[in-house]
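Subject: The structure I promised you

Hi,

Here is the structure we talked about, with the sequence alongside. Have a look at it first, then read my notes below.

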Amino acid sequence: MTTFTPITPSEVLSTVAWAAAEGSPLEILGHGSKRGIGRPLQTEHTLDLSRLAGVTLYEPAELVLSAKAGTPLAEIETLLAQNGQQLAFEPMDYGPLLGGEPGKGTLGGALAANLSGPRRLKAGAARDHILGIHVVSGRGEAFKSGGRVVKNVTGYDLSKLMANSWGTLAVFTDVTFKVLPSAETEVTLAVRGLLDDAAAAAMALALGSSAEVSSAAHLPERIAARVAAGVLGNDAATLLRVEGFGPSVAYRIAALKTLLGNAGPLEEICSEASAALWRDVRDCRPFADNNDKPLWRVSMAPAQAHQMVLTLRMQAAVSAFYDWQGGLVWLRMEEGDPEATLLRGLLRQHGGGHATLVRAAPSHRAALPVFEPQAPSLAALSQRLKHEFDPKNILNPGRMA
């Protein structure tokens with residue numbers, strides 16, 4: 001096996017052009033923090049973008065940052081924090097969840113996987129903040145889309161098309177994101193001791209209020225103890241994050257306390273303690289415990305999620321917690337079987353959704369649809385896109401389907 005480690009976009013172009021001419025498949029990766037997601041690849045060669053790194057443009061006053069695709073997210077976030085700014089979509093770090101080191105994800109990988117975090121309810125995901133890209137297609141052709149300004153007028157938005165493509169359509173060489181100011185104050189209100197159904201109702205009530213809650217999650221009993229070094233204890237915790245200027249946050253927290261005063265015991269978590277708590281929710285730390293039990297990432301209607309989990313628990317041993325007001329469910333299958341047919345059948349019964357097998361043994365990942373199977377019409381469109389961008393199927397072949 002040969003590993004190519006380009007340090008310039010032109011070297012990426014020449015490598016992909018060679019692979020296209022030879023019909024030789026490439027595994028595309030940055031630092032490999034998400035390497036274990038998707039079907040196992042059978043490739044002779046690897047295109048390692050970890051040395052294609054560095055910020056190429058940062059204009060804090062213009063809220064714009066460009067960097068080479070292999071630039072670690074940790075470096076980007078440190079730079080932004082020094083200027084009181086952030087990637088508002090709060091990209092999660094898959095590394096610890098998949099048995100790797102924290103802080104190894106890259107900026108290009110954030111877009112390729114369309115990463116997001118608990119703030120997705122308010123800020124969206126990576127695709128909602130991308131401004132422009134420079135890429136090399138599977139044809140061995142370089143092109144760009146978008147630009148380096150927030151107000152951009154282009155034709156078809158290829159930048160967003162590349163989100164969630166997992167390196168199967170093109171190789172990023174440079175990406176440009178919109179950045180935003182960090183919140184001055186952050187406070188989390190925790191409602192303690194709620195069961196899943198009561199937590200879903202409380203989160204819906206809070207999100208429907210004028211308190212402008214930016215994140216809402218529910219950690220059931222015993223799961224709560226696995227975040228923020230155990231400061232929450234074992235009792236279930238329903239978490240509501242409020243961000244902004246200090247007086248505004250204080251007013252909105254007070255309003256939430258009045259609104260939820262009868263729901264259960266209330267607890268305030270402030271500043272860095274709140275930030276640490278949401279980092280652990282973001283990175284699925286309750287299940288990042290160095291085991292290989294199958295783990296699912298399920299997206300569905302918040303009002304249906306806890307009902308689906310209850311039905312699933314009647315037929316399989318499952319641990320779960322909820323983000324996105326209950327619309328994102330992290331499920332760990334405790335007996336080692338992914339139970340893909342059962343889970344996806346229950347999703348259909350409860351209004352539909354998407355289930356991605358984030359962690360499993362290679363044998364399971366090879367045998368099962370890791371990503372949610374697409375409807376025939378959408379699958380045909382995906383195939384046409386793949387053929388246009390990568391007609392010889394050399395970029396991460398078979399990873400998604």
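The protein has 12 helices and 18 strands; helices (H or I, at least four residues) and strands (E, at least two) are DSSP runs, numbered from the N terminus. Its radius of gyration is 21 Å, close to the 21 Å that the globule rule gives for 401 residues, so the protein is as compact as a globular protein of that length. (That radius is taken over C-alpha atoms, and the rule is 2.2 Å times the number of residues to the power 0.38.)

Before you go on: this is a predicted model, where local features need pLDDT of at least 70 and side-chain atom pairs count only at pLDDT 80 or more, while totals for chains, interfaces and linings use all residues. Residues are numbered from 1 along each chain as its sequence is written, and side-chain values use heavy atoms, with hydrogens and water left out.

**The overall picture**

The C-alpha atoms fill a box of roughly 65 × 50 × 35 Å along the principal axes. Of the 401 residues, 51% are buried; that means under 20% relative accessible area, with exposed being over 50% and partly exposed in between (1.4 Å probe, protein chains only). Among contacts (heavy atoms within 4.5 Å) with a separation of 6 or more, 72% join residues 24 or more positions apart.

**Salt bridges**

How many salt bridges does a search of the whole structure find? It finds 18, counting a side-chain nitrogen of Lys or Arg within 4 Å of a carboxyl oxygen of Asp or Glu.

One of them joins Arg 241 and Glu 186 (3.8 Å, N to O). Arg 241 sits in strand E13 (residues 237–244) and Glu 186 in strand E11 (residues 185–192), so this pair ties together parts that are 55 residues apart in sequence. Both Arg 241 and Glu 186 are buried. They also belong to a network of salt bridges with Glu 90, Arg 119 and Glu 243.

Another pair is Arg 332 and Asp 289, at 2.6 Å, N to O. Here strand E17 (residues 328–333) holds Arg 332, and the loop between helix H8 (271–282) and strand E15 (295–300) holds Asp 289, so parts 43 residues apart in sequence are tied together. Arg 332 is buried at 5% relative accessible area, whereas Asp 289 is partly exposed at 34%.

Asp 390 and Lys 386 make a salt bridge too (2.7 Å, N to O). Asp 390 is buried, with a relative accessible area of 1%, and Lys 386 is buried at 14%.

**A buried Asp without a partner**

Now find Asp 323, in strand E16 (residues 318–323). Asp 323 is buried yet has no salt bridge, and the nearest side chain of opposite charge, Arg 241, is 7.5 Å away. (Lys and Arg count as positive, Asp and Glu as negative; His and the chain ends are not counted.) Beyond its neighbours within four places in sequence, Asp 323 has contacts that include Gly 117, Pro 118, Trp 278 and Leu 328.

**Helix H10**

In helix H10 (residues 340–349), 7 of the 10 residues are buried, so the helix is largely enclosed by the rest of the structure. The buried ones include Leu 342, Leu 343, Arg 344 and Leu 346. Their cover includes E15, helix H9 (302–313), E17 and strand E18 (353–359). Just after H10, look for Gly 351, which takes a positive phi of about 95 degrees.

Cheers
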